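I opened this notebook to record what I looked up in one model. The entries follow the order in which I consulted it.

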Amino acid sequence: MTVLLEVTNLRTEFNARAGLVRAVDGVSLRVSRGECLGVVGESGSGKSVTFSSVMGLVRSPGRVTQGTIFFDGRNLRDLSSEEMRAIRGRDIAMTMQDALTALNPALTVGEQLAEVLEAHDETLPSSGSARRAAIRDRSVEMLGLVGIPSPDTRLRQYPHEFSGGMRQRIMIAIALACRPKLLIADEPTTALDVTIQAQVLELITDIRERLGMAVVLITHDLGVVAEHCDRVMVMYAGQVVEEGPTDQVIGQPRHPYTRGLLASIPRPALRGQPLTPISGQVPDLVGLPPQCRFHSRCPLARPECLVEVPMRDAGPGRRARCLRLEDVE
Ligand SMILES: Nc1ncnc2c1ncn2[C@@H]1O[C@H](COP(=O)(O)OP(=O)(O)OP(=O)(O)O)[C@@H](O)[C@H]1O
């Protein structure tokens, strides 16, 4: 499979009152065309900031200060904000955790879909009425694709007229309207009930297979990862700590943090369980010394772990950031 997104050594910092917060520190990752990468980790581990950085959506006081972000052969960090705007929506789309705040309350769903299509769909006819008709047809098709009944009438309604699950679907419809090569879905099912959660995820997987799109699924739910992702990346305190094929990482985790995450969840009930592992807390990201960040919570920690730990080979297609990998079997 060819690589679609390749991020190398990404660092994103926030200038906060308490000091410089290194929310993302040396993150490298790859997403191949058509594959689904799961991204897991406790709250505050840097999942959203990593992918907001990829999208060029980090706002002041935040800033990407290091690294390359190659997408489809171009380093996105070299592009102007206008070029990035063109890529967002057309090539890469991101759905946010909260559909209500991501959607514009003042515009109908049809107007919001039309806005995206107007900006990015180069296949639309150029003349007035034919163009309007094509936009309408495409919008109805997109709402149909995400399972909104009576899309014709629903296009004229505003976001508040839809249920939470429907709003998630609409956000996905808008994200998919221009058939992006990559969909980044940030907690696509938070705040949805279990049945709707399953439907939204099925929908993303189904569309992924039909359109050959790559997906990054950011989630707290390892059951969701097990069911939908080819590979998984585990983040801790701004760094990737383990990465590899989903079945292997979940079946035989190598990093003590991943083991902790999994040990806290009874296996048959992998799905729907919150990630509340291991005692202790994620370290404060201000002024962290260059050493293993999991050290203070790690059952295997030794004094020699107080050094900067690189990602290491952990088996075929697998890597983990731990000096004691050989002892974790
Ligand atoms: N605007 C900001 N100002 C200062 N620090 C920020 C800001 N936004 C994010 N951060 C820092 O970045 C860290 C990582 O945040 P991020 O939202 O990426 O975590 P996450 O893993 O996606 O968490 P969650 O699962 O809760 O969404 C936060 O803990 C916080 O320290």
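**Entry 1. Conventions.** I note that the model is predicted, that local features need pLDDT of at least 70 and side-chain atom pairs pLDDT 80 or more, while totals for chains, interfaces and linings use all residues. Residues are numbered from 1 along each chain as its sequence is written.

**Entry 2. Secondary structure.** I list 11 helices and 12 strands; these are DSSP runs numbered from the N terminus, helices being H or I of at least four residues and strands E of at least two.

**Entry 3. The sheet.** I traced an open, mixed sheet of 8 strands in the order β6-β7-β8-β3-β9-β10-β12-β11, where strands pair if DSSP finds at least two bridges between them. Because β6 (92-95) and β11 (312-313) each have a single partner strand, one side of each is left without a neighbour in the sheet. β6 pairs with β7 (182-186) in the parallel sense over 4 bridges, and M94 has I184 of β7 as its bridge partner. I92 and M94 point one way from β6, A93 and T95 the other, and all are buried. Elsewhere, β3 (36-40) and β8 (214-218) run parallel and are joined by 4 bridges; G38 is partnered by L217 in β8.

**Entry 4. Helix α11.** In α11 (256-263) I find P256, Y257, T258, G260 and L261 buried. Their cover includes α9 (222-228), β9 (231-236), β10 (239-245) and α10 (246-251).

**Entry 5. The ligand.** Which residues are the closest to the ligand? Of the 15 that surround it, the closest are A23, S43, G44, S48 and V49, a residue counting as near if its C-beta atom, placed from the backbone, lies within 6 Å. The elements giving two or more residues to this shell are β1 (3-16), β2 (19-32) and α1 (47-54). The largest share, 3 residues, comes from α1. I count 7 nonpolar, 7 polar and 1 charged residue in the shell.

Notes:
Ala, Val, Leu, Ile, Met, Phe, Trp, Tyr, Cys and Pro count as nonpolar, Asp, Glu, Lys and Arg as charged, and the others, Gly among them, as polar. A residue is buried if 20 or more other C-beta atoms lie within 10 Å of its own, exposed if 12 or fewer, and partly exposed in between; C-beta atoms are placed from the backbone. Two residues are in contact if their C-beta atoms, placed from the backbone, lie within 7 Å.
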